[in-house]
Amino acid sequence: MPISREEVILGYRLVLGRWPESEEVIAAHAAAHDSAEAFGESLLSCEEGQRRTQHAMHPQVMRRLGLGPADIEDLRAASGLNWPPPRPGFVSDFTGIYTRLSLVGLPPGHDGRHCPLPIPSDFHAEAVEWLALLRALGASRERFVMAELGAGWGPWTAAAHALARRQGVAERRFYAVEAEARNLARLRTHLADNAIPEEEVVVLDAVLTPEPGEVLWTERPETAGPDYGNRARRPGEPDYRGFEAFEGAAARPGLPFAEFLAREPQWDFVHMDVQGWEERLCRAALPVLEERVRFLLLATHSKALDAACFEMFHAAGWHMLANLGPVVGHAPGAPSVEALTICDGTQFWRNPRLVG
């Protein structure tokens, strides 16, 4: 039985990273192959497919990206041949999740686009971050409990929900913690866009802190557009990116990280991207992390933060599964080392006390 037009297009996007040349080419491939697997093997064996594979699998490239050959296969296996139909105003990814262009500031040229596998990245994350989610899910069975801290529009909550549902995980529970009001609205919109049941996601309007006490939180003006880099400040502390202070800075009670973690007896995956407070939060809650968290992913927003987190978890006996350092530039007189970061780093840790 010939494969479908959609399977031909998806094969091109996943393997060759482009659209087919014409409808005639699509029809010819559909007639020539009786299964998606056979078509995929044909694309991989052609000259263009081999060039792309050889480049992606070059040892130096793979090492730099924190990837191995098995990782590429895991990403391909997770995608299946999942081709969600195009939706105007949205981009879709290999998990089947739709994201509004307006949520992430993508230009109209991405309208209706389906992203190929995230190798080395997709529009919002690098491959190692996706693999961390797959590893944590793969180590779970009938239950998966996850937190996305500094959730923004909730990309990891939505992706994890889609993959856990596809994997057949019976008990699913997700927490999305975000402090910015406009981002909370975006998060709820994103969950609704992807038909994720409200009862399966606990959305918390909260600022995580190392200990009890008040912090300052400033909402940026509507004209600033989406801002996923905001963080709390101590009284008298300037904005770490050097932004001018905006009117409306307000004192808010912090939610101690250890107190938050106590909400669940065990967390299968904690994804933390809180714009530079990662080390402070984890150090204050390290005993609870060791007791309850199986897998932990940290975004690192400076060379200094990356080193501090590495030292802390190494000394505590955790096992690092992936480490992609932040990319920085330099500008004399920058307001902070975080302000010099061009691309955040990623650390992925396994807790050997809970996962063998």
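This is a predicted model: local features need pLDDT of at least 70, side-chain atom pairs count only at pLDDT 80 or more; totals for chains, interfaces and linings use all residues.
The protein contains 14 helices and 14 strands. Of its 356 residues, 51% are buried. The exposed surface comes to about 16,000 Å², and carbon and sulfur atoms supply 54% of it.

Gln-347 lies in strand 14, which spans residues 345-350. Its relative accessible area is 0%, so Gln-347 counts as buried. Two polar contacts involve its side chain. One reaches the backbone oxygen of Asp-306 at 2.8 Å. The other, at 3.0 Å, joins the side chain of Trp-349. Beyond four places away in sequence, residues touching Gln-347 include Leu-296, Leu-297, Leu-298, Cys-309 and Phe-310. Met-320, Ala-322 and Asn-323 are also among them.

The whole structure holds 12 aromatic pairs. One of these is formed by Phe-310 and Trp-349. The arrangement is edge-to-face, with 5.9 Å centre to centre and 65 degrees between the planes. Phe-310 belongs to helix 14 (residues 303-315) and Trp-349 to strand 14, so the pair ties together parts that are 39 residues apart in sequence. Phe-310 is partly exposed, at 34% relative accessibility. Trp-349 is buried, with a relative accessible area of 1%. Ring pairs also bring Phe-313 and Trp-318 into a cluster with Phe-310 and Trp-349.

Definitions and conventions
Residues are numbered from 1 along each chain as its sequence is written. Side-chain values use heavy atoms; hydrogens and water are left out. Helices (H or I, at least four residues) and strands (E, at least two) are DSSP runs, numbered from the N terminus. Buried means under 20% relative accessible area, exposed over 50%, partly exposed in between (1.4 Å probe, protein chains only). Accessible areas come from the Shrake-Rupley method with a 1.4 Å probe; for residues, only the protein chains shown count as cover. A polar contact is a pair of N or O atoms within 3.5 Å; within protein, one must be able to donate a hydrogen and the other to accept it, and residues adjacent in sequence count only if both atoms are side-chain atoms. Contact means heavy atoms within 4.5 Å. Rings of Phe, Tyr and Trp (its six-membered ring) pair if their centres lie within 6.5 Å; planes under 30 degrees apart count as stacked, over 60 as edge-to-face and the rest as tilted.
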